[in-house]
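Work through the exercises below with the sequence and the 3D structure at hand. Try each task before reading its solution.

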Amino acid sequence: MADRRRAKSISTALESWFAHAARDLPWRFEPRDPYMSLVSELMLQQTQVSRVLEKFEPFLERFPSIEDLANADEADVLSEWSGLGYYRRARMLHACAQAIVEQHDGEVPRDVESLCALPGIGRYTAGAIASMVYGDREPLVDGNVVRVMQRLHNNPDQQNDPKTVKWAWENATELVEASEEPGVLNEALMELGATVCTPKRIRCDQCPVQKHCKAFDAGTTESVPPPKPRAKRKELFCASVVCIDSKDRVLMEQRGEDGLWARMWQVPTIEREDRAPTTEEIGDTAELIDSFVHQTTHRIVRFDVYRFDEISTRDRSFKSRSQIDRLGISNAQMKVLTSVFE
Ligand code: SF4
């Protein structure tokens, strides 16, 4: 009973806090649009809001409806996603739109089970759509929510341990069951984790649930959850070879189906796991014009950029600058192109 009362007080405090503290974001208007919510949720996974804000509206201008997205070429979807990273999400969003058009007459389904059956939709996104768009009493848990829950309960376990995540889902369910407006409660929990109960520089003085917070009482807010042990990132060595023809077009190639930057476009690039490509592999007279390091979640990628005009055009094609602007290109390859053109 005491737990239920506590859950009720926390959810009420979060809901009223969110009414005045919510950031003004372009997908947050009532009633929520299912398609816009789907796009924003997929974009926000592992990407900062500030970066999503740059891409969200242009993406919707290009693909204003779920049918437009479903009928688009994948290359156009990847192009519009350029700069957001994690391009697998763009392909999944595209496949998801196609499945919704084919299987649900273009209506984003409401129940969690049907949502989870769609490409790219996991339990978190399904909970977000079901609760925020349709107002259903469904919980959701992302990294922000796990951290807030751990602090509210002073749970010192590793944040990404499956047991901790399962425990967070149970607690999120309790809160959503006690809430007046499940969608508001869920969004408030995530907003609290994103703006107040952040990993570092926590703003407990502005927290609407401080009086319920066990980590705050125990003085452990800085150590709960404990820092994640970092997996060592693997190195990758890339030699990107820029070849420009007499019409000022750049030779481009498309990456393979799987792995890092799958199906993205790039200037011809030789990759090695253990060493930088040799000049014999690149071309003896290639001129080194730039070097930089690009980091991804799992990789440290060391790029050398060369100019060389005698490279094979097999499986490659020359593209004008305006054509390149419409290709899906990773941030790393954007840097390669920038080193040539700026
Ligand atoms: S009091 Fe501090 S640690 Fe506790 S939930 Fe609020 S912001 Fe997080």
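Helices here are DSSP runs of H or I with at least four residues, numbered from the N terminus. The model is a predicted one.

**Exercise 1. Describe the protein as a whole.**

Step 1. Count the elements: the protein has 15 helices and 7 strands.
Step 2. Take the extent along the principal axes: the C-alpha atoms fill a box of roughly 75 × 50 × 30 Å.
Step 3. Look at burial: of the 342 residues in the protein, 34% are buried.
Step 4. Look at contacts between residues at least 6 apart in sequence: 67% of these join residues at least 24 apart.

**Exercise 2. Which helix supplies the largest share of the shell around the ligand?**

Step 1. Find the largest share: α9 supplies it, with 3 residues.
Step 2. Name the nearest of the 14 residues around the ligand: they are Arg151, Cys197, Cys204, Cys207 and Cys213.
Step 3. Sort the shell by class: 11 residues are nonpolar, 2 are polar and 1 is charged.

**Exercise 3. How are α9 and α11 oriented relative to each other?**

Step 1. Decide what to report: the angle between the axes and the distance between the axes describe two packed helices.
Step 2. Read the values: α9 packs against helix α11 (residues 182-195) at an angle of about 85°, and the axes are 8 Å apart.
Step 3. Apply the cut-off: angles of 65 to 115 degrees count as roughly perpendicular, so α9 and α11 are roughly perpendicular to each other.
Step 4. Name the residues that meet: α9 brings Asn144, Val145, Arg147 and Val148, while α11 brings Leu189, Met190, Leu192, Gly193 and Ala194. By class, this contact of α9 with α11 has 6 nonpolar, 2 polar and 1 charged residues.

**Exercise 4. Explain why Leu337 and Gln323 are classed as partly exposed.**

Step 1. Locate them: Leu337 is in helix α15 (residues 331-341), and Gln323 is in helix α14 (residues 321-325).
Step 2. Recall the cut-offs: 20 or more other C-beta atoms within 10 Å make a residue buried, 12 or fewer make it exposed, and values in between make it partly exposed.
Step 3. Apply them: Leu337 has 19 other C-beta atoms within 10 Å, so Leu337 is partly exposed. Gln323 has 14 within 10 Å, so Gln323 is partly exposed too.
Step 4. For Gln323 and Val250, 73 residues apart along the chain, the separation is 9.9 Å.

Terms used. Residues numbered from 1 in each chain as written. Predicted model: local features only at pLDDT ≥ 70, side-chain atom pairs only at ≥ 80, totals over all residues. Near = placed C-beta within 6 Å. Helix = DSSP H or I, 4+ residues; strand = E, 2+ residues; numbered from the N terminus. Nonpolar A, V, L, I, M, F, W, Y, C, P; charged D, E, K, R; others polar. Contact = placed C-beta atoms within 7 Å. Axes fitted to C-alpha atoms, helices over the stretch in contact; angles between N-to-C directions. Parallel < 35°, antiparallel > 145°, perpendicular 65-115°, else oblique.
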